[in-house]
Amino acid sequence: MDIVLHQPEIPPNTGNVARLSAAFGLSLHLIEPLGFSLEDRYLKRAGLDYWPHVRLSVWPNLEAYLAGPGAGRRLVLTSARQGVAPHCFAFTPEDALVFGRETAGLPPEVMALSPHRVRIPIRGAVRSINLSTAVGIITYQALVSAGLAGDGAI
């Protein structure tokens, strides 16, 4: 299972996701353009001292990821408005969980690549959840659904 951030914009969110990917033993793929430098101090701070444990790859575009390690993976796209709740979706170990930019989500051309979509149901007037929080919620549910959560040893 991969975590893919499509054109992330906010360094602390990406740093938090990097720490999460290290904790779960998942690869993190960043799709350019990034809204920050990988040397950003806020990115480094959010990832703490876990950066050596992050399997990080940066790709010039989604097509490059799909031609490489993403080849053959089922794209599970995330959206604030489309898709089923994560606990109602049957994830597999070969899924690529794709998350969009903080300000705009996934663009239509990416949404057209896969019919597999999940969203976190939100109550009230809140429009969306912070990206790193959403990645944590969906990724953990994906691991549980795919039978990969185990007893802490993924």
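This report covers a helix, the salt bridges, a pocket and a surface patch of a predicted model.

## Basis

In this predicted model, local features need pLDDT of at least 70 and side-chain atom pairs count only at pLDDT 80 or more, while totals for chains, interfaces and linings use all residues. Residues are numbered from 1 along each chain as its sequence is written, and side-chain values use heavy atoms, with hydrogens and water left out.

## Helix 1

Helix 1 spans residues 11-24 (helices are DSSP runs of H or I with at least four residues, strands runs of E with at least two, numbered from the N terminus). From first to last C-alpha the 14 residues reach 20 Å, close to the 20 Å expected at 1.5 Å a residue (the expected span is 1.5 Å times one less than the number of residues).

Ten of the 14 residues are buried, so helix 1 is largely enclosed by the rest of the structure (buried is under 20% relative accessible area, exposed over 50%, partly exposed in between, with a 1.4 Å probe and protein chains only). Among the buried residues are Pro11, Val17, Leu20 and Phe24. Glycine 25, with a positive phi near 70°, follows the helix.

## Salt bridges

The whole structure holds four salt bridges (a side-chain nitrogen of Lys or Arg within 4 Å of a carboxyl oxygen of Asp or Glu). One of them joins arginine 73 and aspartate 2 at 3.0 Å, N to O. Arginine 73 sits in the loop between helix 3 (62-67) and strand 4 (74-78), and aspartate 2 lies in strand 1, 71 residues apart. Both residues are buried. Arginine 73 also pairs with glutamate 94, the closest N and O atoms being 3.4 Å apart. Glutamate 94 is partly exposed, at 47% relative accessibility.

Aspartate 95 and arginine 74 form a further salt bridge, with closest N and O atoms 2.8 Å apart. Because aspartate 95 is in strand 5 and arginine 74 in strand 4, the pair ties together parts 21 residues apart in sequence. Shared partners join Asp2, Arg73 and Glu94 into one network.

## Pocket and surface patch

The largest pocket holds about 650 Å³ of space. Its lining has 25 residues, with Ser79, Ala80, Arg81, Gly105 and Ser128 nearest the centre (a pocket is an open set of points on a 1 Å grid over the protein atoms alone, where a 1.4 Å probe fits, with protein on both sides within 12 Å along at least five of seven lines; lining residues have an atom within 4 Å of a point). Volume is the space filled by probe spheres set on the points, which are joined across faces, edges and corners.

Ile122, Val126, Ile129 and Ile137 make a nonpolar surface patch of about 280 Å² (patch residues have over 30% relative accessible area and no salt bridge; like charges are joined within 9 Å, nonpolar side chains (Val, Leu, Ile, Met, Phe, Trp, Tyr) within 5 Å; areas come from the Shrake-Rupley method with a 1.4 Å probe, and for residues only the protein chains shown count as cover). Isoleucine 129 is partly exposed at 31% and lies in the loop between strand 6 (117-118) and helix 5 (131-145).
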